[in-house]
Structures are given as C-alpha cells and as structure tokens.
Amino acid sequence: VEYLSWPHPYRVAFAILAHESAGAVQRLVGRLDGPGAVFVVHVDVVNPGMVRELQEWVREAGLENVRILSSFRIVRGGRAMLDTELACLDVLTAEFEWDSVLIISEKDYPLRSNAVLRDYLFMHRG
C-alpha cells in the first residue's frame, strides 16, 4: 500500500564498471531496464573499441537513460576503482533523478527481474 502512495516509480540507478565485453553490458542493461531505471557504464580506458561500440549501440537504440564514459584504468581494489565509482555517481547525480543506486560489474547478472529488485529496494530504503 505504501508503494502505491510513492509519487513516482521507484527509480534505481545502475553504475556498471566494464572492461571486456560490450555484449555482456548490453545484455545486462536489457535485463535491468524498466520504469525508473538509469545507467552509467564506465569502460576501462584500455578498451576504446568497446567505448565506441557501446556509444553506437546507445545512439542506435535511442537509449536516453544510458550514459557511457571512460576516464580511468581500473585496477581491482585500487584507488582508480573508487575514482571510477565516484565519477559514475557524479554523472548519475548531474543527469538523472534516482532513489537508490547499485554499483555492479559487467560480469554481474540479476537472478530476479528489475521489478522484484525495485520493490525490494523500495521496501528497504533508507
């Protein structure tokens, strides 16, 4: 009942850290996309071809809720990983409105639908 009184669909932002597979990113965005979903995909600077491929995909598919950036060489557990996450949050904050944010990698894949995830985050917000 409380969900019904929320003024808009609960908005989930996804920051996706990627370095290897444009296809995996496309599948992940396709699985997570839905009402209120927005995405920032950071591609490691060592893969400029993947950046171009994803930018072309976003443009051709007309995905207004997806941004692609490439600013850092990500080393797992290194300072650049934190800088990358903060850069993604900067873009999300500047360009979208959202209620929750999840930072994931291109290797992650949800076992449940976006609707189930969104409802869970709504019920456990705060």
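**Overall fold**

The structure is a predicted model. Its chain contains five helices and four strands, and along the sequence these elements follow the pattern α-β-α-β-α-β-α-β-α. The radius of gyration is 15 Å, which is close to the 14 Å that the globule rule gives for 126 residues, so the chain is as compact as a globular protein of that length. Along the principal axes, the C-alpha trace spans about 50 × 35 × 30 Å.

Among the contacts in the chain with a separation of 6 or more, 79% are accounted for by residues 24 or more positions apart. Of the 126 residues, 39% count as buried, while the chain as a whole exposes about 7300 Å², of which carbon and sulfur atoms supply 54%. As for charge, the chain carries 13 positive and 17 negative side chains, and the centres of these two sets lie 4 Å apart.

**Strands 1 and 2**

Strand 1 comprises residues 12–18, and seven of its seven residues are buried. Val12, Phe14, Ile16 and Ala18 point one way from this strand, whereas Ala13, Ala15 and Leu17 point the other way, and burial holds for all of them. Strand 2 repeats the theme of cover, with seven of its seven residues buried. From strand 2, Ala37, Phe39, Val41 and Val43 point one way and Val38, Val40 and His42 the other, all of them buried.

The two strands run parallel and are joined by seven bridges, strand 2 being made up of residues 37–43. Within this pairing, Phe14 stands opposite Phe39 in strand 2, and Ala15 stands opposite Val40 in strand 2.

**Residues in the loops**

Glu106 sits in the loop between strand 4 (100–105) and helix 5 (114–123). Leaving aside neighbours within four places in sequence, its contacts include Ile16, Leu17 and Ala18 of the chain, together with His19, Glu20, Ser21, Ala24, Val25, Leu28 and Met50. Of these residues, Ile16 and Ala18 point one way from strand 1 and Leu17 the other way. Glu106 and Leu28 are 78 residues apart in sequence, yet 7.1 Å apart in space, C-alpha to C-alpha.

Ser113 also has its place in the loop between strand 4 and helix 5, but with a relative accessible area of 29% Ser113 is partly exposed. Asp33 belongs to the loop between helix 2 (22–32) and strand 2, and at 32% relative accessibility Asp33 likewise counts as partly exposed. Once neighbours within four places in sequence are set aside, Asp33 is in contact with Phe39, Leu63, Asn65 and Asn114; one of these, Phe39, is the residue of strand 2 that Phe14 stands opposite.

**A residue in helix 3**

Trp57 is located in helix 3, which covers residues 48–61. Apart from neighbours within four places in sequence, Trp57 is in contact with Gln26, Val29 and Leu63. Leu63 is also listed among the contacts of Asp33.

**Separations in sequence and in space**

| Pair | Apart in sequence | C-alpha to C-alpha |
|---|---|---|
| Glu106 and Leu28 | 78 residues | 7.1 Å |
| Asp33 and Ser113 | 80 residues | 9.4 Å |
| Ser113 and Leu32 | 81 residues | 7.1 Å |
| Trp57 and Ala37 | 20 residues | 17 Å |

Technical notes: Residues numbered from 1 in each chain as written. Predicted model: local features only at pLDDT ≥ 70, side-chain atom pairs only at ≥ 80, totals over all residues. Heavy atoms only, no water. Rg over C-alpha atoms; globule rule 2.2 N^0.38 Å. Buried < 20%, exposed > 50% of the residue type's maximum accessible area, 1.4 Å probe, protein only. Contact = heavy atoms within 4.5 Å. Areas by Shrake-Rupley, 256 points an atom, 1.4 Å probe, with all protein chains shown as cover. Lys, Arg positive; Asp, Glu negative; His and termini not counted. Charge placed at Lys NZ, Arg CZ, Asp CG, Glu CD. Pairing = 2+ DSSP bridges.
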